[in-house]
Amino acid sequence: MLLYILFVLGFIILIKGADMLVSGASSIAKRFDISDMVVGLTVVSFGTSLPELIINILSSMQGQSELAIGNVFGSNVANLLLIIGVTSIICPLPIKRNTILTEIPFSLIATLLVGFLANAVLVGDKTSLYISRLDGGILLFFFVLFMAYIYNISKTNKDEVIQEGETPMMTIPKSVLYMALGGVGLFLGGKWVVDGAVSIAQSFGLSESFIGLTIVAIGTSLPELVTSAMAAHRKNIDIAIGNVIGSNIFNLLWILGISAVINPLPFNVVSNSDIMVMIFASTLLVVVIPLGKKNTIDRWNGILFLFIYVAYIAFLVQRG
């Protein structure tokens, strides 16, 4: 009974935590003339990626590579299809030129890099596929490059900041407190939801890989989903889209990199189909944006993304 109570309570804490995190981050952005996109790509993305980070660290330490890899891949597919789909239905998402030309392609490159490293043995003559500690170091190196890019655009675009939505101005201590409490709420809420969902799923005899790609992935993506939905509702469009793209990059480069450094991750060739879905979803995102009015992901695109995500889940069920 306690398991179900924590499961439901986790959702409530997730929603409130997301609201507080968006409020605090947006206020900080307005006060320091930092663009919502930069905040979404960094502070908010890191906060909403905490559940993936904790679960992957624990999975790596316990040698549960299928859960660690499935969590990242499944979360990224959910971010691209489920979260952008839901968010664009709530509020059409106008995408800025810099995001189309840089951030989304960087996310796609990160996906291709993970696919290459997982399928190529760079050192030694081992025939089995795995993401080694060296591969993890390479992923972390590219993550540092991404953070350097974020730092650069935060400097060059400082005079061109346009804040969207009606973000209330708070004092710096209050903003930091909101962000801290929001992050804690997202972490606890996400953990309780995932723990409850995994325990319930295991009671039905589902596999570790399937749980990682579906229940754990969706559960750890709940912070991104709730945060982006709240940001879209508040008209903080840049935080909404920056959170999704930033979280994907964090998951692939930072979280998967740390996981591999802690413990090399054996890679199942079947997971290549999940990488192909990520590549397809990223490409689809780039394709549909110019088709919308003024580079906007409209509600019809959102419905299409949700339909594809349901088809992907059906494919996972069939794959077993």
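Me: D274 first. Is it buried or exposed?
Reply: D274 counts as buried, because its relative accessibility is 1%. Buried means under 20% relative accessible area, exposed means over 50%, and partly exposed is in between (1.4 Å probe, protein chains only).

Me: What kind of model is this?
Reply: It is a predicted model: local features need pLDDT of at least 70, side-chain atom pairs count only at pLDDT 80 or more, and totals for chains, interfaces and linings use all residues. Residues are numbered from 1 along each chain as its sequence is written, and side-chain values use heavy atoms, with hydrogens and water left out.

Me: OK. What does D274 form a salt bridge with?
Reply: Its partner is R319, and the closest N and O atoms are 3.2 Å apart. A salt bridge here is a side-chain nitrogen of Lys or Arg within 4 Å of a carboxyl oxygen of Asp or Glu. The pair links distant parts of the chain, 45 residues apart. D274 is in helix α10 (residues 272–291), and R319 is in helix α11. Helices are DSSP runs of H or I with at least four residues, strands are E runs of at least two, and both are numbered from the N terminus.

Me: Why does R319 count as it does for accessibility?
Reply: R319 has 29% relative accessibility, so it counts as partly exposed.

Me: How many salt bridges are in the whole structure?
Reply: The search finds one.

Me: New topic. How many residues are in the largest nonpolar core?
Reply: That core has 82 residues. The ones with the most contacts inside it are F73, L256, L285, I297 and F305. Its largest share, 14 residues, comes from helix α9 (residues 237–262). A nonpolar core is a set of buried Ala, Val, Leu, Ile, Met, Phe, Trp, Tyr and Cys residues joined through side-chain atoms within 4.5 Å.

Me: What is in the second, separate core?
Reply: It has seven residues, including I55, L67, V194 and V216.

Me: Back to F305. What is it in contact with?
Reply: Skip its neighbours within four places in sequence, and F305 is in contact with L80, L81, I84, G85, L284, L285, V288 and I297. Contact means heavy atoms within 4.5 Å.

Me: And G257, which helix?
Reply: G257 is in helix α9. G257 counts as buried, because its relative accessibility is 0%.

Me: What does G257 contact?
Reply: G136, L139, L140 and L252, leaving aside neighbours within four places in sequence. G257 and G137 are 120 residues apart in sequence, and their C-alpha atoms are 6.3 Å apart in space.

Me: Now N71. Where is it found?
Reply: N71 sits in helix α4 (residues 65–90). At 0% relative accessibility, it is therefore buried. Not counting residues up to four places away in sequence, N71 touches E52, I55, N56, G212, V216, A217 and T220.

Me: G212 then. Which helix?
Reply: Helix α8 holds G212. G212 is buried, with a relative accessible area of 0%. Beyond neighbours within four places, G212 contacts L67, G70, N71 and A217.

Me: Where is A231 found?
Reply: A231 is in helix α8 (residues 208–233). A231 is 144 residues from T87 in sequence, yet 8.8 Å away in space, C-alpha to C-alpha. Residues up to four places away aside, A231 touches V22, N236, I237, I239 and A240.

Me: Last topic, confidence. What does the chain average for pLDDT?
Reply: The average is 82, and 92% of the residues score at least 70. pLDDT is the predictor's confidence in each residue, from 0 to 100.

Me: Where is confidence lowest, and where highest?
Reply: It is lowest in helix α2 (residues 36–48), at a mean of 74. It is highest in helix α11 (residues 299–319), at 92.

Me: Over which residues is the pLDDT below 50?
Reply: Residues 159–166. That stretch has 19 contacts in the model beyond near neighbours in sequence. Where pLDDT is low, predicted coordinates should not be read in detail.
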